[in-house]
Amino acid sequence: QKEVEQNSGPLSVPEGAIASLNCTYSDRGSQSFFWYRQYSGKSPELIMFIYSNGDKEDGRFTAQLNKASQYVSLLIRDSQPSDSATYLCAAMFNNAGNMLTFGGGTRLMVKP
Amino acid sequence: EPEVTQTPSHQVTQMGQEVILRCVPISNHLYFYWYRQILGQKVEFLVSFYNNEISEKSEIFDDQFSVERPDGSNFTLKIRSTKLEDSAMYFCASRGASSYNEQFFGPGTRLTVL
């Protein structure tokens, strides 16, 4: 059973702080990991993906992957109120369909 | 910037009726997906589609569901006889051949079964 787990939150951080979002996955065959942002009532919006151990930076966002610990994280630097949303972690196992398995999401609240 | 589009944005139907949800994937993408999200729950995979056939489907995607690419641009999800528990947001996603498996989601269709 392929599962992706996230703390549902809410995670509350002050404006300008670093928000740290975490995700664990059960399937060692999972090879790629994706972070999506979802505003209430809207569709998932891709932020970034990672497939190699270590860090990957894109603007204010840094994704971290540790395959030995089956752990993925997303850091958001200089958090803004507009970053307030639910952050979805998704894993992809490279089968024929390349489907995404999503976690339940972590709700982030950035307070001005 | 190219994007996935979906119609309608909201569909209300009576239990037992057939519905067709429509999607126009990003134009040069080759892989297409349907996901659903019941209110307050996880996004769940339904089906993936490539080269005019289903590549993978989940347990949710039973005989009541079907997908089709009727022409070069549309990708549809049909639910033959809707149940109350089919009420959810349905998202279409697509990805290209050259990108590293990044899937881009459409805005979704909210399906309400009464």
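Student: How many salt bridges are there over all chains?

Tutor: This is a predicted model, and by the rule the count comes to 4 salt bridges over all chains.

Student: What makes Glu45(A) and Arg37(A) a salt bridge?

Tutor: Their closest N and O atoms are 3.1 Å apart. The cut-off is 4 Å between a side-chain nitrogen of Lys or Arg and a carboxyl oxygen of Asp or Glu, so the pair qualifies. Glu45(A) is partly exposed, at a relative accessible area of 36%, whereas Arg37(A) is buried, at 14%.

Student: How do you know that Arg77(A) and Glu57(A) form a salt bridge, and where do the two residues lie?

Tutor: The N to O distance between their side chains is 3.5 Å, which is within 4 Å, and therefore the term applies. Arg77(A) lies in the loop between β8 and β9 of chain A, and Glu57(A) in strand β6 (residues 54-58) of chain A; the pair links distant parts of the chain, 20 residues apart.

Student: What salt bridge does Glu44(B) form?

Tutor: Glu44(B) pairs with Arg36(B), the closest N and O atoms being 3.2 Å apart. Glu44(B) is partly exposed at 25% relative accessibility, while Arg36(B) is buried at 10%.

Student: Why is Asp83(A) called buried, and what does its side chain contact?

Tutor: Its relative accessibility is 1%, and buried means under 20%, so Asp83(A) counts as buried. Asp83(A) is found in the loop between β8 (71-76) and β9 (85-93) of chain A. The side chain of Asp83(A) makes a polar contact with the side chain of Arg60(A) at 2.9 Å. Leaving aside residues up to four places away in sequence, Asp83(A) touches Arg37(A), Arg60(A), Ile76(A), Asp78(A), Leu108(A) and Val110(A).

Student: How many aromatic pairs are there, and why is that of Phe49(A) and Tyr51(A) called stacked?

Tutor: The count is 16 aromatic pairs over all chains. In Phe49(A) and Tyr51(A) the ring centres are 6.1 Å apart, within the 6.5 Å limit, and the planes are at 15 degrees, under 30; the pair is therefore stacked.

Student: What makes the pair of Phe102(A) and Tyr35(B) edge-to-face?

Tutor: Their ring centres are 5.9 Å apart and their planes stand at 90 degrees, over the limit of 60, so the pair is edge-to-face. This pair crosses between chains, from strand β10 (residues 100-102) of chain A to strand β4 of chain B. Phe102(A) is buried at 2% relative accessibility, and Tyr35(B) at 0%. One aromatic cluster includes Phe102(A) and Tyr35(B), along with Tyr36(A), Tyr33(B), Phe45(B), Phe91(B) and Phe105(B).

Student: How much area do chain B and chain A bury between them, and what contacts are counted across the interface?

Tutor: They bury about 1800 Å², 58% of it on carbon and sulfur atoms. By class, the side of chain B that touches chain A has 10 nonpolar, 6 polar and 4 charged residues.

Key
Residues numbered from 1 in each chain as written. Chains lettered and ligands numbered in written order. Predicted model: local features only at pLDDT ≥ 70, side-chain atom pairs only at ≥ 80, totals over all residues. Heavy atoms only, no water. Helix = DSSP H or I, 4+ residues; strand = E, 2+ residues; numbered from the N terminus. Buried < 20%, exposed > 50% of the residue type's maximum accessible area, 1.4 Å probe, protein only. Polar contact = N/O pair within 3.5 Å; in protein donor to acceptor, adjacent residues only side chain to side chain. Contact = heavy atoms within 4.5 Å. Buried area = accessible area lost by both parts, 1.4 Å probe. Nonpolar A, V, L, I, M, F, W, Y, C, P; charged D, E, K, R; others polar. Phe/Tyr/Trp six-rings, centres within 6.5 Å; stacked < 30°, edge-to-face > 60°.
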